[in-house]
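Here is a short report on a two-chain model. Look at the sequence and the structure first, then read on.

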Amino acid sequence: MEKQNKSKSAWFHSSCLLGLLGWTSVAVAQVPEAVSEKDFLGDMPIVLSVSRLPQRLDETPGAVTIIDRNMIRLSGARDVADLMRLVPGFRVSDSFEAGAPQVGYHNNLTTFSNRIQVMVDGRSVYSPFMLGHTGTGMQTVAIDDIERIEVLRGSNSAAYGARAFLGTINIVTRDPVDTLGFAAHLASGDNGINDARASMGWASDAGNFRLGVDRRADTGLDGSSGPDVVSRFNFRGDVRLGAADQVEVRAGQTSVEAGVGFAQAIGNAPRQRVTETSFIQLDWRRSLNADQDLAVGVSHADETNVDQFPYVLLPGLTLDFGGRASTEQFNIQHTFRQGSNLRVVWGAELRQERVTSQALYNTDETLVTDFTRYFGNAEWRIRSDLLLNAGGMFEKNSMSGDNFSPRVMFNWHITEGQTLRWGVSQAQRPPTTFEKFSNVVYSYAGVPVAATWMARGGVRPEKVLSREIGYLGDFPRLGLNLDVRVFNESVQDAIKYIGYQSPIYGEVKDFANVEDFTIQGIEYQLKCSLWRGAQLILNQSLVDSSWTDGGNKDYKPQPYLSSGLMLLQKLPGGVDFSLMYQQADATNYAGISSMAPATSRTDVRLGWPLRVGNKRGEVSFVVQNLGPAYPDFVPALNFRRQAFVMLKLEN
Amino acid sequence: MRFFLRFLLLAYGFMFYLVTTVQAAELAVVIVSSERSAAYVEAEQALLSELERGGVSRYDMLQVTAQEWAGAGALKPKLIVALGSEAATVLAKAETRAPVLCTLLPRSSFERILRTSGRKSSSQFSALYLDQPLSRQVELIRLALPAARRIGVLWGPESQAQAPALKALLQSSGLELVEASVGRDELLFPALKRVLDDSDLLLAVAEPQLFNSSSIQNILLASFRVRVPLVAFSPAYVRAGALIALHVTPTQVGLQAAAITRGVLQGKSLSATPVYSHDFSVTVNEHVARSLGLTLDAVALRDRLRSREATP
């Protein structure tokens with residue numbers, strides 16, 4: 001473990017690069033004006049190269065739910081996390097108490113849910129500062145910039161590393177070529193909803209570019225110390241450097257100002273927490289030939305948390321949970337095809353995470369974790385109807401040693417449109433910096449007086465052995481599509497917090513590998529066209545987990561059923577009507593060791609198409625949670641009914 | 001070593017030229033090629049080999065480039081075959097006694113050459129086109145993608161002329177044309193977006209302003225994103241990421257040009273009406289097809305298309 005004291009400004013890098021881009025110009029071949037044989041006989045660059053062609057849904061090594069741009073629009077969701085309600089097995093909290101709205105798979109929703117990987121355009125966005133949780137990472141992307149979200153349900157560490165312990169949310173933003181021109185939206189409604197966005201896309205000889213700024217604001221959940229305001233800017237530029245090379249530059253900054261804490265909680269008093277993240281990412285892809293691609297990427301991300309308030313029992317004492325973190329990443333990936341039956345991707349990744357927080361680690365020094373990852377995955381068509389996806393990732397972690405996450409998955413196309421999938425995978429999640437090194441000590445007048453978290457450093461990686469059988473059925477004549485997943489996820493050495501007696505401070509908390517538990521069950525997603533212009537999407541997940549909630553004596557492991565329904569209807573005049581209903585059984589609260597009641601939520605949306613000059617747009621009216629308020633995250637916070645109107649102008 | 005070989009080749013070429021100039025009156029065919037790049041050489045070789053196989057001596061056939069034609073203008077062959085637009089342009093302006101068969105050029109190039117030279121298509125100046133008839137392209141779409149009903153097309157200043165013919169053809173096949181025109185100084189992308197929004201496939205019609213090596217990236221990525229396959233006019237587009245292309249190879253052009261040449265050498269006249277190639281190829285990008293959930297067999301499609309054309 002190396003300690004450093006160094007900070008970097010992503011802004012410096014991004015402004016340099018943006019400046020460079022302004023001067024970048026790429027020679028473009030002279031295009032002849034008239035048709036000739038050259039148009040028929042000339043060569044063309046490889047565009048849909050081997051790494052650009054996605055796997056079909058019936059050939060992926062796991063169950064995948066895709067939420068596309070249209071579905072995002074029709075859902076009326078304002079956050080990526082809220083969209084995960086549409087994915088079987090996902091549980092969502094809209095609270096900002098732990099940073100930002102977050103999600104968990106298979107009822108693994110805790111204060112800082114960290115068993116899911118979230119990628120935005122190939123960049124891992126989990127927070128090294130906040131125990132690896134993904135809430136603030138999901139806020140780094142404006143919802144209108146998203147092309148689609150691919151959610152792989154089930155362990156995906158063989159491809160995406162340790163954080164993909166139980167699943168992966170892969171967010172793909174829109175190609176700048178699709179967003180040329182001006183776009184904007186304005187939303188206003190109950191609970192102080194006041195969202196705004198403006199985006200500009202332009203093209204030059206160098207490539208295509210997009211710059212967007214947006215804000216998402218409301219007064220927060222009922223009972224919260226709101227308001228919650230997310231402000232973002234994002235830039236993307238795709239530059240073509242000749243026939244075989246493409247460079248993509250992304251940069252952005254997000255500020256999450258959340259009203260957190262409670263009046264009656266002296267250790268969690270009402271305050272405004274400000275989390276600022278910024279990043280810059282550079283990806284270069286070279287098409288070596290029709291069957292080979294090479295991709296190299298570098299990225300840098302910064303995260304700063306300002307979170308402090310006076311401790312009323314001891315005037316002069318300030319409780320501080322702030323600090324900062326940064327991540328550097330370099331990755332190289334080679335994808336190749338051998339004939340029509342074998343496709344292989346392999347590569348390596350270097351990642352460094354740095355966390356600095358006097359408040360959380362009782363030191364001014366930077367805690368550094370280095371990761372070296374080697375990965376390889378092969379897609380082998382054994383027979384025309386049988387596909388094997390086999391691969392793994394070897395990860396070297398300077399904090400907790402080496403681990404290997406392998407996976408094999410067979411996809412058997414029984415008949416046209418009918419696929420059975422079977423596979424097994426193993427993954428390990430090493431502890432986060434906080435789980436390993438937390439040292440939260442409060443001092444008064446320079447004298448340590450109390451401590452809450454004091455890690456002894458003995459925590460090891462947790463492991464999961466995941467087995468699944470899946471079925472995919474596509475019945476185009478009936479307009480029906482079915483995706484079923486039967487799973488058994490056996491978690492060993494799960495990391496949980498435990499209390500112990502410190503000789504100086506009395507009862508304090510640490511993380512330890514204290515539990516083995518099994519998650520098993522079945523989930524499905526059914527899409528069908530009911531009648532003209534109508535589509536129904538139904539999903540259900542039944543999870544039987546032997547996980548126990550250490551601090552909650554009332555919580556008994558019990559089956560957990562969650563269901564979601566989305567009905568989309570095209571009405572005359574191009575009007576879109578959407579109805580969404582979600583229901584979830586009673587379970588534990590995410591933010592406190594206590595039983596949460598069963599919840600349900602109904603959303604409706606109506607969208608009227610607009611035409612302003614040559615631009616398309618939409619006016620929509622959304623009501624979220626038509627029924628009574630339901631508790632979210634902790635009993636004191638409630639998601640009440642809220643309605644808003646949005647005016648949107650498309651590119 | 002390379003220099004030595006070049007020297008030998010040049011020397012041989014010079015001697016050959018002298019010999020053929022002397023034997024000018026007996027020449028059967030002069031092949032005038034726009035340039036010496038791969039596709040032209042391939043067509044030329046196919047033409048030469050096929051004629052040789054049919055009994056025409058290599059010494060009765062002369063190959064020159066368009067630039068060299070000026071020096072070979074005194075020749076009196078029975079037929080001149082022009083490979084490519086440049087050669088056709090040179091020959092359109094030249095006063096040749098022998099009939100000229102222009103090939104390895106698309107219809108619009110040939111028609112432009114007729115317009116600019118003031119000539120008319122006749123048995124003295126005719127063509128074998130490189131592009132494929134619209135009817136064949138529509139038939140391929142019906143065979144390969146039977147579920148596609150809305151055919152998206154982008155028209156440019158030159159290709160626009162084909163719009164009425166394609167519209168009529170699609171209508172008679174129960175298909176719908178979704179079209180957008182892009183003017184000389186207009187941006188391609190807004191039109192592409194409009195077409196992709198309402199189409200089941202995008203049929204590429206050659207137009208350098210719209211389809212070129214700079215624009216193909218955006219076209220293919222945008223169409224693939226909305227799962228609208230691109231039906232193209234050359235195998236290079238298929239290699240780049242188009243789903244399928246209907247095209248004729250330079251060898252196929254050479255072989256058909258040889259058949260026409262044989263006819264002329266046997267005393268037949270050139271067809272006054274230019275013709276499309278009888279033979280053709282279908283190329284499929286199987287990876288793109290698989291990704292789109294399609295199974296297409298290029299050879300089977302070509303055979304079915306041929307057998308349909310053979311059946312009146």
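## The interface

Across the interface of chain B and chain A, 19 residue pairs are in polar contact, with both residues at pLDDT 80 or more. A polar contact is a pair of N or O atoms within 3.5 Å; within protein, one must be able to donate a hydrogen and the other to accept it, and residues adjacent in sequence count only if both atoms are side-chain atoms. This is a predicted model, in which local features need pLDDT of at least 70, side-chain atom pairs count only at pLDDT 80 or more, and totals for chains, interfaces and linings use all residues. Residues are numbered from 1 along each chain as its sequence is written, chains are lettered from A and ligands numbered from 1 in the order in which they are written, and side-chain values use heavy atoms, leaving out hydrogens and water.

Helix 2 (38-53), strand 4 (100-105), helix 5 (107-117), helix 8 (188-197), helix 9 (216-225), helix 10 (235-240) and helix 12 (286-291) of chain B each supply at least two residues to the side that touches chain A. Helices (H or I, at least four residues) and strands (E, at least two) are DSSP runs, numbered from the N terminus. Helix 9 of chain B gives the largest share, eight residues. The chain B side divides into 21 nonpolar, 16 polar and 12 charged residues. Here Ala, Val, Leu, Ile, Met, Phe, Trp, Tyr, Cys and Pro count as nonpolar, Asp, Glu, Lys and Arg as charged, and the others, Gly among them, as polar.

In total, 49 residues of chain B and 41 residues of chain A take part in the contact (heavy atoms within 4.5 Å). The two chains bury about 4,000 Å² between them, 58% of it on carbon and sulfur atoms. Buried area is the accessible area (1.4 Å probe) that two parts lose on being put together, summed over both. In chain B, Q217(B), R225(B) and R290(B) lose the most area to chain A, together 16% of what that side buries.

Five salt bridges link chain B and chain A. The term means a side-chain nitrogen of Lys or Arg within 4 Å of a carboxyl oxygen of Asp or Glu. One joins D175(A) to R225(B), with the closest N and O atoms 3.3 Å apart.

## The chain B sheet

Five strands of chain B form an open, parallel sheet in the order 2-1-3-4-5. Strand 2 (61-65) and strand 5 (125-129) of chain B are the edge strands, each pairing on one side only. The twist averages 20° from one strand to the next. Helix 4 (residues 85-93) of chain B lies across strands 1, 3, 4 and 5 of chain B, at about 140° to strand 3. Angles run from 0 to 180 degrees between N-to-C directions, with axes fitted to C-alpha atoms, for helices over the stretch in contact.

## Strand pairs

Two strands pair if DSSP finds at least two bridges between them.

| Strands | Sense | Bridges |
|---|---|---|
| Strand 1 (residues 29-33) and strand 3 (residues 79-83) of chain B | parallel | five bridges |
| Strand 21 (residues 386-397) and strand 22 (residues 401-415) of chain A | antiparallel | 12 bridges |
| Strand 22 and strand 23 (residues 418-429) of chain A | antiparallel | eight bridges |

I31(B) has V81(B) as its bridge partner. In chain A, L388(A) stands opposite F410(A).
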